[in-house]
Amino acid sequence: MSTQRLGELLVREKLISLQQLRQAQEEQRRSGSKLGYALAKLGFISDNEITNFLSSQYRVPAIDLTAVEIDPELAKLVSRDVCERHNIVPISRAGSSVTVAMADPTNLNAIDDIKFLTGFNVDVVVASETAILEAIERVYDAPESYEQMLAEFDDEEVDFVMEDDDLNIHELAEESEGAPVVRLVNAILLNAISKGASDIHIEPYERRLRVRYRIDGVLIPEMTPPLKLKSPLVSRLKIMSQLDIAERRLPQDGRIKLKLGKGREMDFRVSVLPCNFGEKIVLRLLDKSNLQLDMTKLGFDERPLQDFQWAINQPWGMVLVTGPTGSGKTTTLYSALSELNKESTNISTAEDPVEFTVPGINQVQMHDEIGLNFAMALRSFLRQDPDIIMVGEIRDFETAEIAVKAALTGHLVLSTLHTNDAPATISRMLNMGVEPFLITASVNLVLAQRLARRICKDCKAPTQLDQSVIDDLRISPDVLAAGNPMKGQGCRTCNGSGYKGRVALYEVMRFDEDLKEMVLQGASTAELKAAAIKGGMKTLRMAGIGKIMEGMTTPEEVMRVTMGD
């Protein structure tokens, strides 16, 4: 079935219009994708609808590839090139037959190729183009199992080297380039990508080596390689990060860039820290393809989103985003900058480090060792005719003072602080030494945020909240009656955890005249918070309760990431 034939059939059955077909064909020519993928991408028809249509049209069973365990042995018989050329994937073998998922069940050439390569009869099932491409990535990009790799090492030969100075640098370099070590490092990195990890921790202890992944904000043990791999593993990562493998006493920072095919790139920010029994390495995964820059999809409720958009669209003033490390502050700031990024606007950012590059924005990497810190960068920005300035973090009085002055002299300033909630941010700035009248004159809005794990969509089910939870969260009967709390049962998609992905909780405090007056009169953080809530601000805990009632997250998650009011 040609692309033209598929389009004609869908139009004839009135599943899409002729105009939609032409738009999809234009998208197909522009991107080089398949027609079905282009139709789904443009939202004209879903993958499932195309699959069900083909199934009924050709009387071939449809299959959900995400729910099927694909036999990895078949990947050795049918190459990735064949699968991608015909848009197929072999699924399983039974006796003298092999079952193959196809986007085009009329492709006789593909069936003949599979028969020739495997020597088996072919049973055809139909699946969407997108699902087949994802299955091909899953099967052919899957790293070799740890067990297979570690089988090449003999634990009996492990020697405990207590003095790092005894290690030969040349031998280390050679060991780190050995095939087993290279494959193990690649597997650790690729497995982290496939599992959606945000960080990789490689930790040496006295008698063991541990690898953990941070997935959806929680550290999960992944593997324990033999201790004899400690030095070659660290050296391999240092070489990939262009760091000094001879330096084992000082912390080092580097970066790894991996090309994963189909134009996708993944950056790893690497931090090496000397510890008691060797060097601990933490790699932060920076996947630009997963960077969500659409503010409406970040998790804002309607009014907080309106307040935030009002603040970032002011001609001058300061917008502060607060929260602990890993709470999504960077994503929120990049989303704001993406919305403000226009030809008529000059935007400069001072970041430590620059995590994602954004075309059209002047991004400056901090280098404290040569004196380029946030304060110096801010001073330079003010001589660069800026409209909007983003400062990675306000850490000291000097940076805070320059940021406030920039906000008062006609610039919009975006920045972050480490505080527990929005009202506490004002107290933090006062403690830094910034005068109250300068804070009230410059700050437009303060936003505090957290990330809670999202309930897995594939195994979520309605649940009843315990009375103790209702009491702890102080959920009112009206809210409870209108809510629809859910709980993940645990499935293959979420590795049995019941959670997949994260949802943001926001506490947005618009700095209105009443709050400014209270700051000038020396009000406490608790008084500011009470006044802000009275004025309509939802606290982080309140936002979390809202997400529980919408079935997005669980009470356990909300209590884990927020403090009681």
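Q: Is tyrosine 334 buried or exposed?

A: Buried means under 20% relative accessible area, exposed over 50%, partly exposed in between (1.4 Å probe, protein chains only). Tyrosine 334 counts as buried because its relative accessibility is 2%. This is a predicted model, where local features need pLDDT of at least 70 and side-chain atom pairs count only at pLDDT 80 or more, while totals for chains, interfaces and linings use all residues. Residues are numbered from 1 along each chain as its sequence is written, and side-chain values use heavy atoms, leaving out hydrogens and water.

Q: How many aromatic pairs does a search of the whole structure find?

A: Rings of Phe, Tyr and Trp (its six-membered ring) pair if their centres lie within 6.5 Å; planes under 30 degrees apart count as stacked, over 60 as edge-to-face and the rest as tilted. Here the search finds three. One of them, phenylalanine 300 with phenylalanine 308, is stacked, at 5.5 Å centre to centre and 20° between the planes. Tyrosine 334 and phenylalanine 356 are edge-to-face, with 5.9 Å between centres and 80° between planes. Phenylalanine 356 counts as buried because its relative accessibility is 9%.

Q: Which residue has its charged end over the ring of tryptophan 310?

A: A charge sits over a ring if NZ of Lys or CZ of Arg is within 6 Å of the ring centre and within 35 degrees of the ring normal. In this model, arginine 510 places its charged end over that tryptophan 310 ring, 3.7 Å from the centre.
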